[in-house]
Amino acid sequence: MPRPLTTHTHTHNTQTQKGERVVGILGTGDFSRSLARRLVASGYIVLVGSRTPKRFVSLFPEEVTSQIDAASQADIVFIAVCPEHHSTLSDLKQALAGKTLVDVSNGLRISQYGPSNAELLADRFPESWVVKGFNTISAWSLQMGPRDGSKQVGDNSKAKISVMELCRRMGFIPVDMGLLSSSLEIENLPLYLFPSWRVPVLGTLALFIFFYLYNFIQDILQPYVTAGKNFFYKMPIETVNVTLPSVALVLLSLVYLPGLCAAFLQLWLGTKYKRFPDWLDQWLTMRKQLGLCSFLCSVLHAIYSLCLPMRKSARYELLNNILLSVNDGVEISWDDEKVWRMELYLSVGIMALGLLSLLAITSLPSVANTVNWREFSFVQSTLGYCALAMATIHTLLFGWNRAFIPAQYRFFLPPTFLLVLILPFLVLLGRLALLVPCVAQRLRQIRRGWEKSHHIRFTLVKPLQAIKN
Ligand code: NAP
């Protein structure tokens, strides 16, 4: 791509006598209007270039002029025109020569290969300096003015610095993302829809559907099919409420399982210098999102549980039980075992939720930035495993002796809590295995750079001994 060396020929008045800089904007759309307001508020003289200036004069508090006028008089020119119409600006090539053009455009869909809009614009205006930026800020943010990060790239550092200075004066925090060849990455940024959340959210939904159907079959369908009992009213609250903790516990185990896989893989390979397989790498990067999904399910479970006694069905059930007790002549209905089970079950559940809340808060960047690595890993690993252990005990207390009652195996399926407990048990056992002193010692050595293969090469002295003998 041909580039001028330094062709900043200021033939026009790009700075007023008071020292205010003139900034040009081509285009009079939403983005242009917000940008112009913000630039004026930051002390710049703004010239808006339009194909039909008279039509838009009333919409702008600043001067609206022809495209050629704005291009000629400003030193920095924002191209606030959709990229499909960049070609219509070709007549301005001469006027824009030697000037800094800020390409704010976004594409319609994510592009893998390029060229980017900014690169195409640079090709179209080879005698101007193209800087990509401001495309990650919406017209709305520009008006409201949060201290957002604006990312820019460009091949000319002088042009880039002047755009970054302008960005700073507008109250934003600029981030230099490198050369113009990185512009495709910035152009794609506003088009992503929570890419790091896709797999964890889909996984959470899949688990929810699976456990909901499993509970539906066991608690609603089976009594209906075998005894004609109608428990369909349980679908909106009770079935959801037993599904949510199942999903939460499995997700929490999935947060700690990849770390264990990584540790056992390192022990097996005897080195930390071999790359993990891609699936494990990706799984490790999803732990925060999986943990937050687990937290969401736990909070919902707590709210649903608090609402259980409010239901009409719960009140009818209570009344029916009282009437049955009166009919049977039972004076005191107090079962010590049931009371203790419930007290412990609730207490451990509350503790688990408290610890999960702590993990969720510490995962926020603003909090994570204030703790050191040791503190962070203490919360996320030690307290995280405590939360997993508490949640597992909570589930065990829920199950109590039901695993040994044949009637709980409806349609020959094990009760849900048994199914749910498999993964947390595996993770907790794996963690205990890593705490065995000789295993922990070896893992520590590996993580400090010790390698099995080097160790063997170093200690193998058999050939020398053979020569001596
Ligand atoms: P818009 O409302 O459609 O405005 C585009 C303007 O371009 C028009 O008002 C028009 O002004 C001018 N233009 C020049 N030549 C044109 C042609 N041949 N055909 C049609 N219009 C032409 O778009 P916008 O929302 O302001 O966005 C402008 C640029 O900013 C886009 O590249 C977009 O990707 C980027 N952007 C927008 C936002 C946002 O929140 N809106 C956020 C980030 C980036 P005249 O008729 O006066 O010439």
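I began with residues 23-107, whose end C-alpha atoms lie 24 Å apart and which are 32% helix and 26% strand. Helices here are DSSP runs of H or I with at least four residues, strands are runs of E with at least two, and both are numbered from the N terminus. UniProt lists this span in an unreviewed entry as "domain: Pyrroline-5-carboxylate reductase catalytic N-terminal"; such annotations may be inferred rather than shown by experiment.

I noted that this is a predicted model, in which local features need pLDDT of at least 70 and side-chain atom pairs count only at pLDDT 80 or more, while totals for chains, interfaces and linings use all residues. Residues are numbered from 1 along each chain as its sequence is written, and side-chain values use heavy atoms, without hydrogens and water.

I next examined the ligand. Around the ligand are 22 residues (a heavy atom within 4 Å), of which T28, S50, R51, N106 and A139 come nearest. I looked up polar contacts, pairs of N or O atoms within 3.5 Å. A polar side-chain atom of S50 is 2.5 Å from a ligand oxygen. The protein covers 78% of the 890 Å² of accessible area that the ligand has on its own (Shrake-Rupley, 1.4 Å probe).

Finally, I inspected helix α18, residues 437-447, where A440, L443 and I446 are buried (under 20% relative accessible area). These three lie on the same side of α18 because they cover an arc of only 125° around the axis, taken from the directions from the helix axis to the C-beta atoms. On the other side, P437 and C438 are exposed (over 50%).

Methods:
A polar contact is a pair of N or O atoms within 3.5 Å; within protein, one must be able to donate a hydrogen and the other to accept it, and residues adjacent in sequence count only if both atoms are side-chain atoms. Buried means under 20% relative accessible area, exposed over 50%, partly exposed in between (1.4 Å probe, protein chains only).
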